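Here are my notes for you to read with the model open beside them. Take the points one at a time and find each residue as you go.

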Amino acid sequence: MSEASLTFDVQRLVRENIRRLTPYSSARSEFSGTAEVFLDANENAFGSPAGNHYNRYPDPLQKELKGRIAESNRVRPSQIFLGNGSDEAIDLLFRIFCEPGRDSALICPPTYGMYKVSADINDVEVNEVRLTDDFHLDLPAIRKAITDRTKLIFICSPNNPTGNLMRREAVTEIARHFDGIVVVDEAYIHFADEPSLISDLNGSPNMVVLQTFSKAWGMAGLRVGLAFACEDIIGLMNRVKPPYNVSGIAQRAVLDALDQVDKVASWIREVLIERDKIRRKLTAFDFIETIYPTQANFVLAKTNDADEIYRYLVDRQIIVRNRSNIDLCAGCLRITVGTPDENERLMRALNDLNKVRANK
Ligand SMILES: *Cc1c(COP(=O)(O)O)cnc(C)c1O
């Protein structure tokens with residue numbers, strides 16, 4: 001254990017009302033052992049039209065699932081929070097640590113939009129410290145922007161929408177020098193060529209690593225996100241979350257999916273191959289000015305007329321993300337890697353557009 005972890009006192013950062021909170025005690029948390037007759041939760045004892053077991057409330061702490069996730073990530077189950085998407089984890093962190101109307105959070109745009117929306121919903125001020133021109137963390141500017149009201153710093157790595165990984169040492173240095181919570185959002189880490197920061201959690205007790213089953217794992221529709229952190233932070237998230245925040249169907253489906261790591265790994269390999277193909281092919285078009293390096297399952301490209309290209313693609317029933325009106329992303333489109341067929345269709349459309357424009 002590092003010195004930092006011995007001196008880190010998370011309780012000091014927690015809102016007064018949360019510190020005083022007596023959490024809801026559900027039927028399933030007051031008795032979770034084995035028994036034969038369950039008459040404690042006002043469920044329908046006859047069954048469920050949706051199928052076996054769905055008449056019963058799910059495990060509020062998702063123990064079986066966390067056991068499996070703990071093994072593959074080399075952490076203890078008590079270091080894992082599971083939520084209704086990682087968006088739930090983001091919202092909980094605001095509610096636990098930021099006093100509305102008083103505290104603030106620091107974000108580094110261009111980045112994932114939910115940090116600011118979640119801050120706004122919770123009436124928490126946002127300090128923005130832009131990324132540098134090459135989309136990296138501006139450490140001196142971040143240091144300067146931190147005040148004694150700053151409770152959370154959000155770092156997205158690989159970053160959405162720019163696609164790049166932040167330098168590991170930059171992230172751990174921020175965690176070392178900041179006495180609030182550093183949230184590292186690794187939604188796209190499975191596509192990156194560097195490992196997760198989960199392995200640095202012991203040395204950075206004020207760090208929360210977010211991941212999700214929505215992207216590489218292919219379960220966006222199930223809504224399951226993860227947070228990894230020290231036991232104290234995870235304990236707080238469990239106290240504040242709605243008791244049954246991950247449905248029984250979702251818990252079952254993710255458990256089954258964890259048996260199919262090989263399938264997911266082979267999809268990831270295919271995405272990376274397709275991603276490189278897309279990047280190579282994009283260079284052929286006159287209207288593409290820059291293709292940024294990416295460690296995610298999307299490509300950010302600067303074009304000379306994002307709105308026109310976007311509309312042209314929509315007319316061809318192809319939807320990409322127009323990011324041209326956000327800071328540092330003028331002219332940029334964000335293109336998610338699809339199946340080989342879908343990517344081919346995109347390239348045909350861009351090829352046609354190229355011809356149309358050449359004939360003008
Ligand atoms: C897609 C995405 C998420 C995922 O959110 P879920 O609620 O888990 O689906 C989180 N962070 C970033 C940066 C993303 O792009």
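1. First, a word you'll need: a residue is called buried when its relative accessible area is under 20%, exposed when that is over 50%, and partly exposed in between. Also keep in mind that this is a predicted model.

2. Start with strand 1, which covers residues 80-83. Which way do its side chains point? I80 and L82 go one way, while F81 and G83 go the other.

3. Next, who sits beside strand 1? Its partner is strand 7 (residues 225-228), and the two pair in the antiparallel sense over four bridges.

4. For the parallel kind of pairing, go to strand 4 (residues 150-156) and strand 5 (residues 181-185), which are joined over five bridges. There, L152 has I181 of strand 5 as its bridge partner.

5. On to the ligand. Which residues come nearest to it? Out of the 13 around it, they are Y188, T212, S214, K215 and R223. By type, the shell splits into four nonpolar, five polar and four charged residues.

6. Look at some individual atoms here. An N or O atom in the side chain of R223 lies 2.6 Å from an oxygen atom of the ligand. For the side chain of K215, an N or O atom is 3.2 Å from a ligand oxygen. S86 takes part through its backbone, with an N or O atom 2.7 Å from an oxygen atom of the ligand. How much of the ligand does the protein cover? On its own the ligand has 390 Å² of accessible area, and the protein covers 94% of that.

7. Last stop: K277, in helix 11 (residues 261-282). Its relative accessibility is 29%, so K277 counts as partly exposed.

Methods:
Residues numbered from 1 in each chain as written. Predicted model: local features only at pLDDT ≥ 70, side-chain atom pairs only at ≥ 80, totals over all residues. Heavy atoms only, no water. Near = heavy atom within 4 Å. Polar contact = N/O pair within 3.5 Å; in protein donor to acceptor, adjacent residues only side chain to side chain. Areas by Shrake-Rupley, 256 points an atom, 1.4 Å probe, with all protein chains shown as cover. Nonpolar A, V, L, I, M, F, W, Y, C, P; charged D, E, K, R; others polar. Buried < 20%, exposed > 50% of the residue type's maximum accessible area, 1.4 Å probe, protein only. Pairing = 2+ DSSP bridges.
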